[in-house]
Amino acid sequence: MMQIADIIFYLTGLITLSSALMVILTKDIFRAALFLAATFLGVVALFILLFAEFLAAVQLIIYVGAISVVIIFAIMFTKNVEIGNPFSNFRITGFLLGLFMCGLLIISITAFDWDTITTLDTKEMEIVVYAYQNSIYYIGKILVTNLVVPFIASSFILLAAVIGAISLVKERTE
Amino acid sequence: MTLEGFLIISAILFCIGLTGVVIKSNIIAILMSVELMLNSVNIAAVAASRYVPPITLDPSQVLMGNMFAVFVITIAAAEVALGLAIVMSVYKDKQSIFIKDASHLKG
């Protein structure tokens, strides 16, 4: 007897992986962008299944809301939308490389016995459940205590990216 | 719904992105494949933080995998903004978004 969460998990994984496959197989680049948004939505569902509600909200706002829209804008600013997604000369090499890596990763994942490191005793279980119930509080706390240096560094990276993007696309006036 | 299942989904998604980076000739499609790879890494990090118990009994150590994903999302946003700005710049120069035309640096 399968549990309902397992059915939702398999369904979500199937939708995510098939729309990710359509991103690289479809000819029309606009449809590829829409399938990319579907993949991001599948990842949101996987995050919710993992009890990471904050990340699901962030993923929904940033990836589905912002990055997909920016990619679609870039597609509409350029020509050749209908034939815009052809294969390169490395098609055979690429598929073989992907299949090889996929087989290697799946073999090495299934070869390891994950139960040896994922079994939690009651004390650990209590702490994990407590941390996930107050996840927003602890994420905010980590961000300004333990990880304050990466936080400031990533804000500088965002600032540099914004300035770089503006200076790359602005009209050159002599 | 085990750690193994999430890791296998993440591995397949990563390989789809890797294949897309190699076989595509459109710069925007290559950027979309890079986004797929970053997303698969996020799934793996969050799944590990959910299933593997913390070393110290501190609640803030439990959520370190989630913090990884937060920083990866930040860098992905910066990366896609810069990448698409470069695509627009190349398009203004060459009227094309295919990698065979973007050979300015070849000399």
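Tutor: Let's begin with a term: two residues are in contact if their C-beta atoms, placed from the backbone, lie within 7 Å. Keep in mind that this is a predicted model.

Student: With that cut-off, how many residues of chain A are in contact with chain B?

Tutor: By that count, 79 residues of chain A are in contact with 63 residues of chain B. Helix 4 of chain A gives the most to the side that touches chain B, with 12 residues.

Student: What classes of residue make up the side of chain A that touches chain B?

Tutor: There are 57 nonpolar, 17 polar and 5 charged residues on that side.

Student: Why is Asp6(A) called partly exposed?

Tutor: Asp6(A) sits in helix 1 of chain A. A residue is buried with 20 or more other C-beta atoms within 10 Å and exposed with 12 or fewer. Asp6(A) has 13, so it is partly exposed.

Student: What makes the span of helix 3 of chain A close to the expected one?

Tutor: The expected span is 1.5 Å times one less than the number of residues. Helix 3 of chain A has 25 residues, and its 35 Å from first C-alpha to last is close to the expected 36 Å. Helix 3 of chain A also bends, by about 25° at Gln59(A).

Student: Which parts of the model do the buried residues of helix 3 of chain A pack against?

Tutor: Those buried residues, including Gln59(A), Ile71(A), Ala74(A) and Ile75(A), pack against helix 2 of chain A, and also against helix 2 and helix 4 of chain B.

Student: Which residues touch the most other members of the largest nonpolar core?

Tutor: Among its 67 residues, these are Ile28(B), Met32(B) and Val46(B). Leaving out residues up to four places away in sequence, Ile28(B) touches Ile29(A), Ile71(A), Ala74(A) and Ile75(A) from chain A, along with Val87(B) and Ile97(B) from chain B.

Student: How do you know what radius of gyration a compact globule of 107 residues would have, and what does chain B have?

Tutor: The rule is 2.2 Å times the number of residues to the power 0.38. For 107 residues a compact globule would come out near 13 Å, but chain B has 18 Å. The C-alpha atoms of chain B fill a box of roughly 55 × 25 × 20 Å along the principal axes.

Student: What secondary structure does chain B have, and what percentage of its residues are buried?

Tutor: Chain B comes to 4 helices and 0 strands, and 53% of its 107 residues are buried.

Conventions:
Residues numbered from 1 in each chain as written. Chains lettered and ligands numbered in written order. Predicted model: local features only at pLDDT ≥ 70, side-chain atom pairs only at ≥ 80, totals over all residues. Helix = DSSP H or I, 4+ residues; strand = E, 2+ residues; numbered from the N terminus. Nonpolar A, V, L, I, M, F, W, Y, C, P; charged D, E, K, R; others polar. Bend = angle between axes of the 7 residues up to and from the residue. Core = buried A, V, L, I, M, F, W, Y, C linked by C-beta atoms within 7 Å.
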